[in-house]
Amino acid sequence: MEIKHTSNSALPTITAFHYQVLVALYECFSDNYDSVWIEQDGDVSVLSQNVDESKQTEVKDYSAPLTDNHENLWNTLKNWLEPDFNHSIYGRLILHTTQSFGSQSLLKGWNEKNAEEKYDILRKIFSKRTSEGIQEEKKPKSLMLQIEVMSSANEEKLKEILKKVILNVESDNSDEIKQKLFSKFTGIPDANRHAYMEGLIGFVYANINSKSWSISKKNFNDKLEELTALYHKQPFTFPQLRVREASEEEIIQYDGKLFVKKIKDIEYDDKIPEAVGDWIEYINSLNLELDEHPTFISKTKEYQKLLLRRFKNQYDNALLDNDSVIKRSKRLYNNVMNDPPFLLDQINPGSVYKNGMMHDIMDDDENKTKWRVE
């Protein structure tokens, strides 16, 4: 049963806040900063010794377009005009929103305008609100925000702020930011990237305290080093398979397999439990959720070709033996099974892997292989 959140649910608020945290995390991967702050001067603040590199970002995830009268813009401007907000420590003030501009919006081309041109855009938008609307007792929230922002008392400060205001529209949503973060996890296998991401997000949340919420570049880099050591790409190795004999149930289950029949053909039934055990371990290894699964499959195909070539040479040598068919067939079987596995790229796959693969080769009639030497 699916549970839907009610109008009183905190889920939308939590989701929006998590989006803000993802934006802050992404900022931590940039070069020119000393610390990233969350909920200090606003949503996300990036501080650097160079004021031009410092920025304060309001982070919004909306689906509706950014129209001229949308509260998102006007509320953000109002926040930047607050007396306790010191815009002088920032070189940029950014509205980071997933919204696109409304089709008729005067805000299009905003970032190419100077402060006077930006102020003129705001003035034109505000002038479209009728004087009757301003005089109404019950005003819409957007109009109330516009009246406050465009107050003559704010004009000088507003123009100073507008020099720095950038509208980043159509910004990446949460999933898109995560994908961009994944691309920064160099050397981390795909299977480990979600755990790596969770470690970083947990680190960001863990930096909150009763007075502040900030991440220094040094602490972030230390965390990256710690998580990278834990989740980084290890050199490829073959999985270690256990040595075991098949159970009676397994022997019965796989009695009809072609590789089992070929062992019976040389009257070597006492070898069947070991053979079935090796084969099961080998087949199971192909289904393991390995970090390097594509590499493992590729290496397996390469190893199989080399093993099949070696077996054909061993079989040809066995044909030179003058013993009976059964004796030389059993001798071939023993030699192949007891041969140490050869290395592939200086990696030893282990005897169970090698022997299990040999039985799997026998199980494929297209390989035209058999133990019976005749």
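A nonpolar core is a set of buried Ala, Val, Leu, Ile, Met, Phe, Trp, Tyr and Cys residues joined through side-chain atoms within 4.5 Å; buried means under 20% relative accessible area, exposed over 50%, and partly exposed in between, with a 1.4 Å probe and protein chains only. The model is predicted, so that local features need pLDDT of at least 70 and side-chain atom pairs count only at pLDDT 80 or more, while totals for chains, interfaces and linings use all residues. Residues are numbered from 1 along each chain as its sequence is written, and side-chain values use heavy atoms, with hydrogens and water left out.

The largest nonpolar core has 37 residues, and Met358 and Trp371 have the most contacts inside it. Two or more residues each are given to this core by helices H11 (258–264), H12 (272–285), H13 (293–318), H14 (325–338) and H15 (351–362). Helices here are DSSP runs (H or I, at least four residues), numbered from the N terminus. H13 supplies the largest share of the core, seven residues. Leaving aside residues up to four places away in sequence, Met358 touches Leu307, Phe311, Val336, Met337 and Trp371, where contact means heavy atoms within 4.5 Å. Another core, of 30 residues, lies apart from this one and includes Val21, Val36, Ile177 and Leu227.

Helix H8 (residues 190–206) has 17 residues and reaches 25 Å from its first C-alpha to its last, close to the expected 24 Å; the expected span is 1.5 Å times one less than the number of residues. Among its buried residues are Tyr196, Leu200 and Phe203.

Two helix pairs show how neighbouring elements meet. The axes of H3 (residues 115–127) and H6 (residues 155–162) come within 8 Å and cross at roughly 120°, axes being lines fitted to C-alpha atoms over the stretch in contact, with angles from 0 to 180 degrees between N-to-C directions. H3 is therefore oblique to H6. At this crossing Ala115, Glu116, Lys118, Tyr119 and Leu122 of H3 meet Glu155, Leu158, Lys159 and Leu162 of H6.

In the second pair, H2 (residues 71–80) and H5 (residues 141–149) pack at about 35° with their axes 9 Å apart. The residues of H2 that meet H5 include Trp74, Asn75 and Leu77, and their partners in H5 include Leu145 and Val149.

Asp120 lies in H3 and is partly exposed, with a relative accessible area of 25%. The C-alpha atoms of Asp120 and Asn75 are separated by 18 Å, and the two residues are 45 residues apart along the chain.

Definitions and conventions
Angles under 35 degrees count as roughly parallel, over 145 as roughly antiparallel, 65 to 115 as roughly perpendicular and the rest as oblique.
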